[in-house]
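Visitor: I'd like to learn how to read the sheets in a model like this one. Could you walk me through them?

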Amino acid sequence: MSIKKKLEILLYKIVKNIVVEHDYVINLEHPNVISHGDFATNIAMVLANKLRKNPLDIANKIVTEFSLKNIKEVESVSVANPGFINIKLSKTFFEKNIKEILFSEIEFGDLDIWKGKTILVEHSSPNLFKPFHIGHMMNNTIGESIVRLCKISGANVEVISYPSDVSLGIGKAVWQLMEYGVEELNNYKTISEKMEFLGKCYSNGTKAYKKYPDLEIRIREITQDIYEHRDTEAYRVYKIGKDLNLDYFIRMTTRLGSVFDSYIFESEAGEVGKKIVYENLGKVFTESNEAIIFEPNEDDLKNNKSLHTRVFINKDGNPTYEAKDTGLLKLKFDRYDPDLSIFITDNEQGPYFEVVKVAAGKINEKWEKNTKHMTHGRLKFNGMKISSRLGSVPLVSDIIDSVNDAVYKKTIESGREISTENSDVISIAAIKYTILRTQAGKNIDFNLEKSLSFEGDSGPYLQYTYARCMSILRKAKKEGLRRNLNQSKNWKIIDLERFLYRLPDIFELAFLNYAPQNVTGYVTEIAQIFNSWYGDTKIIDINDENTGYKLALVEATSIVIKKSLWSLGIEVLEEM
RNA sequence: CCCCUUAUAGUUCAAUGGAUAGAACAAGGGACUUCUAAUCCCUAGAUCCAAGUUCGACUCUUGGUGGGGGGACCA
């Protein structure tokens with residue numbers, strides 16, 4: 001149990017004796033100003049209202065009781081105006097905590113709050129035949145971080161993606177691919193080149209469809225071949241393209257650090273969705289203008305003003321995205337029965353999914369209650385030069401390449417050398433950090449000069465700090481120095497110790513609020529405190545009896561940084 | 001017209017209803033014969049507007065204003 005939980009329980013019991021018959025929650029927080037202590041609570045002020053008493057009197061009473069308990073992890077408890085109770089932790093606690101970090105290693109910070117439960121996360125869902133573009137980078141980065149936070153919660157986590165594998169758009173691409181000739185693919189060696197060619201098929205197919213209306217019949221026929229898996233040339237060509245696309249998707253997401261346990265394809269979800277919509281016709285859905293729609297009733301609207309009428313099956317009898325998503329919900333819950341099902345999309349789908357959720361909830365309550373739709377904003381490019389191979393939409397690989405160029409330049413300027421692999425790790429860290437420092441849902445200004453940096457508040461800064469820790473530890477080892485888990489008597493607690501123990505609480509907060517930026521902010525603060533300490537302290541000092549303990553602190557810092565970055569889906573480097 | 005979302009230093013972003021609103025970049029000054037200067041130290045600088053709830057509001061409520069997104073057969 002974390003020290004925070006322990007103190008909260010203790011305070012709860014103490015307060016219970018003072019105020020009977022009143023509901024209250026003990027809420028410990030870390031004061032902004034470290035001189036106020038390690039924890040503070042506002043309970044006395046909250047109770048002052050209910051009891052109509054002076055908050056200072058209540059606080060004093062609680063503090064007196066608290067002091068009698070003689071908690072060895074606590075050095076002092078005090079009262080501050082207008083009624084805060086401040087708690088300072090003891091040297092004993094910090095010493096014990098560093099031991100815990102070092103013994104737990106990479107498991108430090110793991111929680112058990114969702115142990116025994118299952119969480120399903122869907123993210124990075126690609127449009128097959130369309131390039132893996134910048135929007136997917138955003139989705140993948142946030143999704144992967146959510147996946148990892150869920151794993152930290154102790155839950156069993158299943159990760160899936162939901163590729164869009166049937167649509168009129170894909171029909172157009174397949175038509176164009178057949179026009180060019182599928183054997184054209186053999187002229188390209190690498191998978192990126194093949195993908196570039198397929199991307200061209202997609203955009204040129206779309207253009208041709210617009211320009212020549214006569215094509216519609218043929219392209220609709222191709223689309224139908226794909227829907228129904230007909231044994232035709234179109235379907236065979238489609239299969240080749242689909243497999244290539246999936247292969248590429250796996251490569252790209254692997255490069256970014258994601259692994260998927262399984263896929264549910266849009267084609268599957270469409271069939272299932274169409275079936276359940278028809279099954280619930282008259283109950284949940286109604287017919288209107290030849291289409292099947294969902295219309296929210298008065299109660300629905302009272303609870304959620306954003307609801308509106310939507311078409312689930314169009315007049316041609318085909319499932320729309322709404323029906324497909326309903327089918328997807330069924331497949332998710334049938335296959336995984338998750339206690340929580342999270343999926344991540346661009347926020348343009350926010351109002352839309354509210355409707356699907358309410359409609360689906362009428363078929364199965366769980367589908368609505370256990371589903372969390374997380375939305376993210378868009379990456380805006382202002383002034384950032386990206387040479388996109390495919391028109392105006394920057395591809396994920398284009399972006400990473402551009403950032404790689406900048407990393408390479410920076411490396412050369414500072415007189416270092418770098419491998420391609422490490423450069424990639426740094427570039428991806430820089431991009432991911434930029435996305436994850438911001439609250440999901442906001443648009444992000446994605447600018448190499450402004451928001452994407454390698455200095456200060458950045459991914460590479462954190463990697464650099466980790467590498468610095470490792471470098472110190474390597475040197476100590478070389479000199480035959482070993483860590484010492486015990487403080488000497490003259491050791492004075494430093495700020496670093498006052499932050500390292502907080503990781504589990506930060507993880508809990510980030511998990512419960514779907515807020516990776518809590519971790520980003522915390523780990524940046526740790527790095528700043530560490531670097532500041534590094535700046536004014538000689539860590540390896542044979543004449544200092546504290547050297548062993550300082551080495552333990554360096555190691556603990558490296559563990560906390562590594563684990564924090566892991567939760568964000570960012571890799572560390574031993575040297576840079 | 002309705003709904004969702006967003007507004008914090010010159011810029012890009014933080015801040016579970018708490019105490020003196022934090023960083024970074026840019027600006028100015030300083031620190032490498034030293035454990036990695038992708039670093040550190042110092043200086044200056046901000047809550048869109050108007051009411052309300054509260055002991056206390058960037059945070060909650062209501063009403064405005066600006067940005068982004070949605071609102072029947074696209075996804």
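This is a predicted model: local features need pLDDT of at least 70, side-chain atom pairs count only at pLDDT 80 or more; totals for chains, interfaces and linings use all residues.

Visitor: What holds paired strands together, in general?

Guide: Strands of a sheet pair through backbone hydrogen bonds, and the pairing is either parallel or antiparallel.

Visitor: In what order do the strands of the five-strand sheet come?

Guide: That open sheet runs 7-6-5-11-12, and its pairing is parallel. Strand 7 (262-263) and strand 12 (371-376) are the edge strands, each pairing on one side only.

Visitor: How many bridges link strand 5 and strand 6?

Guide: Five bridges, in the parallel sense, between residues 118-122 of strand 5 and residues 156-161 of strand 6.

Visitor: Which strands does helix 12 touch?

Guide: Helix 12 (residues 321-336) packs on this sheet and touches strand 5, strand 6, strand 11 (340-346) and strand 12. The direction of helix 12 makes about 145° with that of strand 5.

Visitor: And the three-strand sheet: is its pairing parallel or antiparallel?

Guide: Antiparallel; it's an open sheet in the order 8-9-10. Strand 8 (286-288) and strand 10 (310-313) each have a single partner strand, so one side of each lacks a neighbour in the sheet. From one strand to the next, the twist averages 55°.

Visitor: Which residue is the bridge partner of F294?

Guide: R310, over in strand 10. Strand 9 (residues 291-294) is joined to strand 10 by three bridges, and the two run antiparallel.

Technical notes
Residues are numbered from 1 along each chain as its sequence is written. Chains are lettered from A and ligands numbered from 1 in the order in which they are written. Two strands pair if DSSP finds at least two bridges between them. Helices (H or I, at least four residues) and strands (E, at least two) are DSSP runs, numbered from the N terminus. Axes are lines fitted to C-alpha atoms, for helices over the stretch in contact, and angles run from 0 to 180 degrees between N-to-C directions. Two residues are in contact if their C-beta atoms, placed from the backbone, lie within 7 Å.
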